[in-house]
Amino acid sequence: MQRFGAEELGYLQQVIESQELGSNNGDLTPAVEERFAKNWGAEYGICVNSAMSGLHMAVAAAGAGAGDEVICDPVVHFGGCAVLYNNAVPVFADIDPYTFTIDPAAIRERISERTKAIICTNLFGLPCDYDPIMEIAGEYNLIVIEDNAQAVGATYKGKYTGSIGHIGVFSFQQSKQLATGDGGMCLTSDKHLHDEMRITRLIGWLPEKRGDVAQRWREGRLGWNYRNTEMVAAVLMGQLDKADAILDNHRKAGAILTEALEGCEWLLPQRVDEERTHTYWVYGCRFEGEKVELTMDEFKRLAAEKELAASYHYTTLTSSAIPLFTEIRAYGKGCPIECPLYEGDVKYGVEQTPNCQELLDRLVLLGFSAWDLDFCKQQAEKIAEVRAAVE
Ligand SMILES: Cc1ncc(COP(=O)(O)O)c(C=O)c1O
C-alpha cells in the first residue's frame, strides 16, 4: 500500500473533471464531511484548511472571547494559541506524568467563574481520560474541545476520540496518520456548535445567505476564510478508503516497540490503560534512569552507540512557560491578558505545570514508522541491546 496512490488519484481526477475546485460549490467536500462524521460517530463534520483553523472556530463556537478563560493542556501550545486568537485567556492545567495527557484533577483546580471551555489534547495518539473531564464540564457548563490532531483512530471506552467532547478537531497535515498535505476537520453532534462553526468557517456569512452577494453582509458576523479545496477533500476521500489499514499499521508499529519495552522499569512508554487505545502518531517514553543509575546523557550515548533512533527534543518547555504567554506577546499590547474586560489573575511559568516540565525533561521519542514495520522491528532489536547493556 502506498501512502498516496490510486485511491487519491481517482478522486482527484473526479474533481478535475468536474471543473469545480472550490469547496463552496464542489460535491466532494460535503460528501467527505458526511463520511468522516459517520465513520467517527458524530452528527456533523466541517472541513477546514488546518487544525489550527478548526481550533480557532471551536473556541469561538464555545463562546469564549475577551475576558473569558479556557483551560488548556501544556505539552503543546496549539490550544493556547487558538484561545489567544479569540482574545480569551489560556489557563494551563497540568498533565498526568505517565499518560502525558491532561489531569482531570488539575482541570478542576483551574476552573473560575470566567472559564468557558477546556481544550484537551489526545497527545501522541492517546486519548485523555474523558469520563471525569466530561463530568466536570457538565458540572460547570463548559464546552470540551478535543484537540485530536495527533490521535485519529484512537478510542476511549470504545468510542473514537474526536466525537467524545462537544467538538473534536482533526489535522491532516502531512505528518499525521491520515494526511492531505494540509487540512483539518471539526466534528460535533451539537447543532448549535455546528451552525456557529459553519458561519465562522466562511467569512461570517450565514450558510443560507452565502449565495446572495447583495445581502449576505447584512446579517453577517465576523468569520474567517478557513475553506479547504476540493483537491484536499479528494485526497481525504482516498485516505478514508484505506484508513483501516493505515491506522492498523500505526497500532502495529506501536505494538512492536511496546513489546520491546515490556517490563522495562527505566524507559516507560506512555501508559495505556484498558479503557484507551493508542493510535501512535509518535512513540513517547518517560525516562526514569535514576532507577538503574543511568543518566540521560549516558542513555543518549548508549542509544547512539547501538544506533537506536531516538530524539529528545519535542517541545522542551511547558507551554505555561513560553514567552508567548509569559511576556503576553500575542498582540504586543498586553491583550488579551492586560485587558479591561479581563478580571482574572492568570499565572504562567514552569511552576504552574511542573509535571509537564518534568516529563519534557525526561521525554524520549523512539524512532518509529507506520510505513516501515521492518524498521520498527530493527528498533525493537536495538532496544533489546540497550536494555541488555543497562539492566
Ligand atoms: C496537537 C496538535 N494540535 C494542532 C496542531 C495544528 O495542526 P495543523 O497543522 O493542521 O494546523 C498540531 C500540529 O502538529 C498538533 O500536533
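The shell around the ligand comprises five nonpolar residues, six polar and one charged. Here Ala, Val, Leu, Ile, Met, Phe, Trp, Tyr, Cys and Pro count as nonpolar, Asp, Glu, Lys and Arg as charged, and the others, Gly among them, as polar. The shell includes Met 52, Phe 78, Thr 121, Asp 147 and Gly 184; a residue is near the ligand if its C-beta atom, placed from the backbone, lies within 6 Å of it. The model is predicted: local features need pLDDT of at least 70, side-chain atom pairs count only at pLDDT 80 or more, and totals for chains, interfaces and linings use all residues. Residues are numbered from 1 along each chain as its sequence is written.

Strand S4 (115-121) is largely enclosed by the rest of the structure, because seven of its seven residues are buried. Buried denotes 20 or more other C-beta atoms within 10 Å of a residue's own, exposed 12 or fewer, and partly exposed in between, with C-beta atoms placed from the backbone. Helices (H or I, at least four residues) and strands (E, at least two) are DSSP runs, numbered from the N terminus. S4 runs parallel to strand S2 (residues 69-72), joined by four bridges. Pairing requires at least two DSSP bridges between two strands. Five bridges pair S4 with S5, also in the parallel sense. Cys 120 has Glu 146 in S5 as its bridge partner.

Helix H6 (residues 130-140) buries Tyr 130, Ile 133 and Ala 137. On the other side of H6, Glu 135, Gly 138 and Glu 139 are exposed. Just after H6, Asn 141 adopts a positive phi of about 60°.

Notes: Two residues are in contact if their C-beta atoms, placed from the backbone, lie within 7 Å.
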